[in-house]
Amino acid sequence: IGDKLLRSSGGVAEVTGIATVTRVGAYAPFTESGTIAVSDVVASTYISLQEKSRALLMVGSVKLVSMQWIAHAFLAPYRILCRFGANCSKESYTEDGISTWVYG
């Protein structure tokens with residue numbers, strides 16, 4: 001509570017409450033920018049396996065890059081393919097919500 005979120009329409013929104021919602025399935029759309037706007041809030045389309053969202057991958061005591069940066073770098077071939085070749089405007093997903101580009 002109190003965190004600030006970027007709005008897709010501009011400006012920021014402050015988190016005033018937190019609720020838990022459980023749904024079946026998960027969808028992780030691939031976007032060229034690595035972001036998506038949902039309910040006027042800008043969010044990352046990448047997951048983070050770190051407890052703290054601003055934590056960096058560290059080797060010893062050297063901070064390298066964020067998990068978000070790593071995910072964006074590994075998806076570079078997909079972004080290039082979409083920009084210069086394939087039609088990626090109509091993504092499709094498995095029953096488990098995994099993009100067929102990744103899974104099938």
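Buried means under 20% relative accessible area, exposed over 50%, and partly exposed in between, with a 1.4 Å probe and protein chains only. I noted this before looking up any residue.

**Entry 1: the model.** The model is predicted, so I kept its limits in view: local features need pLDDT of at least 70, side-chain atom pairs count only at pLDDT 80 or more, and totals for chains, interfaces and linings use all residues. Residues are numbered from 1 along each chain as its sequence is written, and side-chain values use heavy atoms, with hydrogens and water left out.

**Entry 2: the whole chain.** I found three helices and six strands (DSSP runs numbered from the N terminus: helices are H or I with at least four residues, strands are E with at least two). From the N terminus the order is β-β-β-β-β-β-α-α-α. Of the 104 residues, 13% count as buried. The accessible surface (Shrake-Rupley method, 1.4 Å probe; for residues, only the protein chains shown count as cover) is about 8,300 Å², and 59% of that belongs to carbon and sulfur atoms.

**Entry 3: S9.** I looked up S9 in the loop between β1 (4-6) and β2 (12-14). S9 counts as exposed because its relative accessibility is 59%. Its C-alpha atom lies 9.4 Å from that of A37, which is 28 residues apart from S9 along the chain.

**Entry 4: T45.** T45 sits in the loop between β4 (41-44) and β5 (56-59). T45 counts as buried because its relative accessibility is 13%. Leaving out residues up to four places away in sequence, I listed its contacts (heavy atoms within 4.5 Å) as P29, T31, G34, T35 and I36.
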